[in-house]
Amino acid sequence: MSLIHYAWSFARRRALLALSAVAIALGVAVLFTVLAVLNGFLAQFEGTMRDFSGDLTVRPLPSAWGGSQEIETYFDSIHSVQGVATVEARLNWFGLVGRRGSRALSDPRSSDLNGLLLVGIDDFDWKPQDDPNALPPLRLGHAAATRMGVSPGDTLEVISFQPRPGRAPIPARLSFSVVESFSSGQHDQDLDRALVPRSSLLPLTQLKTPFTELVIRVNDGIDPESLQTSIQEQLEQDGLARPSWPSVQTWRDNAGNFLRAVENQRGMLVMMFFFIVLVAAYQLVATLTLTVTEKRRDIGVLGALGATPGRIIRFWVSLGTLVSFFGVSLGLGLGYLLTSNLKSIELILGGGEKIFLPEIYQFEEIPVLIDTYSVALLAGATLAAGLVFSLIPAWRAARRPILQAMIRR
Amino acid sequence: MNNSTTPVLDARGLEKSFCMGASQLRVLRGVDLALHSGEVCALRGTSGSGKSTLLHLLGLLDTTDVGSLHLAGLDCTKLGRTAAARQRAKQVGFVFQQFQLLPELDALQNVLMPRRLACGWSWWSRRRDEYARAKQILSKVGLSERMSHRPTQLSGGEQQRVAVARALVSKPALLLADEPTGNLDTQTGNDVLALLLGLAREQGAAVLLATHSRSLADACDREILLVDGKLEML
């Protein structure tokens with residue numbers, strides 16, 4: 001028969017303590033859900049970001065600084081680093097785009113003007129030499145296609161500028177045939193990006209280096225950040241980068257501001273909701289103080305039987321921790337139930353309609369990721385708060401004189 | 001009774017006063033008392049004469065203003081709360097008039113509580129023996145069938161028998177009983193007293209039994225009277 005056993009025998013006959021556990025459980029469940037959704041959102045964002053932008057990107061050294069014009073030299077240099085899976089060249093170029101015959105391209109007052117980032121990639125089965133009159137293909141972001149009312153088979157015209165060193169750039173007009181639309185999972189990217197064959201952009205850009213970035217994917221299980229320095233050093237060693245020119249960036253560097261904003265948001269929400277948990281746990285002070293008053297005689301009896309003040313403190317702290325433990329367990333269970341049924345809950349709350357619209361929040365379903373570390377931290381912090389809040393009534397119980405405690409009037 | 005050895009309890013010149021507003025109420029005025037192992041002593045006195053106060057001092061539940069107190073060879077006069085609690089857990093058993101059982105625990109767990117407190121961390125290695133010991137003593141007080149009953153499910157006499165078992169389970173050197181039959185009818189009270197004294201003598205504990213009852217006092221080896229804060233031997 002341990003003190004925890006006694007605390008349990010005592011706690012299970014006190015509805016007030018059960019209510020405290022329920023209050024803690026509600027706080028924990030809400031925080032669990034918020035954490036799971038924010039972690040899910042971050043994970044989904046990371047997935048889509050890395051899917052499109054790769055794990056690392058390399059910007060070539062400007063030609064004026066002695067950068068190589070040969071793409072293979074970059075490929076060889078990067079592939080020589082252990083852990084690199086694939087390297088892909090991209091050529092990014094900006095343009096104004098409109099449907100063929102659209103007023104948008106001839107009247108700058110038109111509200112139908114769309115700026116797009118043309119991403120030249122090699123993942124196209126297009127050979128201009130097969131049919132010199134065929135238009136190069138273009139894959140348009142789903143959101144942009146919807147906005148412009150474009151479907152496969154339509155022709156899009158792009159106005160861009162051909163740079164000329166020391167002279168004004170020349171406007172250039174290109175035509176593309178829309179072959180399909182794509183969805184990257186990032187609404188903003190789907191709205192302002194078009195994928196075209198890299199070779200179709202080369203005549204326009206007049207660049208000596210036929211790419212603007214190299215997209216690197218690393219082998220499974222390798223942290224891209226761990227390869228960042230190795231690749232930079234290798235490029236410097238091969239004369240393709242300089243220490244003053246940060247050539248290699250991770251996907252985190254590229255999405256830095258957005259990621260930091262979401263992480264800040266998560267931090268703020270976790271802090272706010274943890275206050276709810278703290279308030280719930282703080283109830284333990286009131287509940288246990290009431291219980292100490294109620295159990296005054298029994299505290300005296302324990303003292304008479306030989307309980308030291310330290311043991312009496314331990315008993316009350318055990319009781320508080322027990323209540324917190326049940327609150328945390330119940331809260332984690334409830335949180336798991338909530339996160340497992342978010343779709344149904346969303347529909348119930350929205351009266352059958354989705355509350356979080358995909359076009360606004362950029363996800364079809366509310367993303368959820370239950371992170372063991374976050375859950376352990378939440379449980380640990382709540383238990384610690386329960387323990388700390390139990391100390392005050394425990395200390396009061398321990399310092400009460402035994403005789404005074406036993407004489408109940 | 002063995003008077004040749006060092007007394008289990010040796011109290012000299014105990015004094016105790018309580019503040020009653022601006023005045024002081026002197027309850028004990030120099031009490032000297034020695035009790036030997038196996039000795040059963042009745043402490044009589046009128047209501048308010050200070051019997052309970054003396055029991056509290058001897059049981060280390062309170063501290064004396066003046067005087068010295070040795071219990072089982074240890075000077076307990078100036079013990080702090082923690083040391084007093086440890087000494088109490090090892091050497092003192094209490095039987096109260098109001099039984100003072102813990103209502104959430106069944107009879108067996110009530111009896112085990114002093115052992116749990118006395119054993120500390122060694123409880124985990126000894127708990128099997130301790131359970132056996134508690135069951136044995138509950139059987140001796142005739143409650144082998146009521147071990148899993150909580151105090152509210154027991155009669156007054158049964159509760160006091162649990163209290164007796166609880167007081168003796170640690171085999172204390174000193175057993176202090178404050179009106180142990182005060183809340184029981186005569187027949188039940190006599191039964192409980194017989195049980196208490198029988199077990200205490202069997203274990204060789206020194207017993208100090210505070211009572212109003214002359215018949216209870218007659219069952220003891222000797223009788224002392226507390227009058228005006230001092231003890232008189234009868």
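## Exercises on a two-chain predicted model

F75(A) is partly exposed, with a relative accessible area of 23%, where buried means under 20%, exposed over 50% and partly exposed in between (1.4 Å probe, protein chains only). This is a predicted model, in which local features need pLDDT of at least 70 and side-chain atom pairs count only at pLDDT 80 or more, while totals for chains, interfaces and linings use all residues. Residues are numbered from 1 along each chain as its sequence is written, chains are lettered from A and ligands numbered from 1 in the order in which they are written, and side-chain values use heavy atoms, with hydrogens and water left out.

**Exercise 1.** Is Q237(A) buried or exposed, and what separates its C-alpha atom from that of S77(A)?

Solution. Step one: Q237(A) is in helix α7 (residues 224-237) of chain A. Step two: its relative accessibility is 65%, so Q237(A) counts as exposed. Step three: Q237(A) and S77(A) are 160 residues apart along the chain, yet their C-alpha atoms are separated by 9.0 Å.

**Exercise 2.** Compare the radius of gyration of each chain with the globule rule.

Solution. Step one: the radius is taken over C-alpha atoms, and the rule is 2.2 Å times the number of residues to the power 0.38. Step two: for 409 residues a compact globule would have a radius near 22 Å, but chain A has 32 Å. The C-alpha atoms of chain A fill a box of roughly 105 × 55 × 35 Å along the principal axes. Step three: for 234 residues the rule gives a value near 17 Å, and chain B agrees with 17 Å. The C-alpha trace of chain B spans about 50 × 45 × 40 Å along its principal axes.

Chain A has 15 helices and nine strands, and buried residues make up 48% of its 409 residues. Chain B has seven helices and 10 strands, with 53% of its 234 residues buried. Among contacts with a separation of 6 or more, residues 24 or more positions apart account for 80% in chain A and 70% in chain B.

**Exercise 3.** Describe how α9(A) packs with α14(A).

Solution. Step one: the axes of α9 (residues 256-294) and α14 (residues 372-399) of chain A come within 9 Å and cross at roughly 25°. Axes are lines fitted to C-alpha atoms, for helices over the stretch in contact, and angles run from 0 to 180 degrees between N-to-C directions. Step two: α9(A) is therefore roughly parallel to α14(A), since angles under 35 degrees count as roughly parallel, over 145 as roughly antiparallel, 65 to 115 as roughly perpendicular and the rest as oblique. Step three: the crossing of α9(A) and α14(A) is right-handed; this means that the near helix is turned clockwise from the far one by less than a right angle, anticlockwise being left-handed. Step four: the contact includes F274(A), L278(A) and V285(A) of α9(A), and A385(A), F389(A) and R396(A) of α14(A). By class, this contact of α9(A) with α14(A) has 15 nonpolar, four polar and one charged residues. Ala, Val, Leu, Ile, Met, Phe, Trp, Tyr, Cys and Pro count as nonpolar, Asp, Glu, Lys and Arg as charged, and the others, Gly among them, as polar.

**Exercise 4.** Describe how α3(B) packs with α4(B).

Solution. Step one: the axes of α3 (residues 107-119) and α4 (residues 123-140) of chain B come within 9 Å and cross at roughly 140°. Step two: α3(B) and α4(B) are therefore oblique to each other. Step three: α3(B) passes α4(B) in a right-handed crossing. Step four: the contact of α3(B) with α4(B) has 11 nonpolar, no polar and six charged residues.

Technical notes
Helices (H or I, at least four residues) and strands (E, at least two) are DSSP runs, numbered from the N terminus. Contact means heavy atoms within 4.5 Å.
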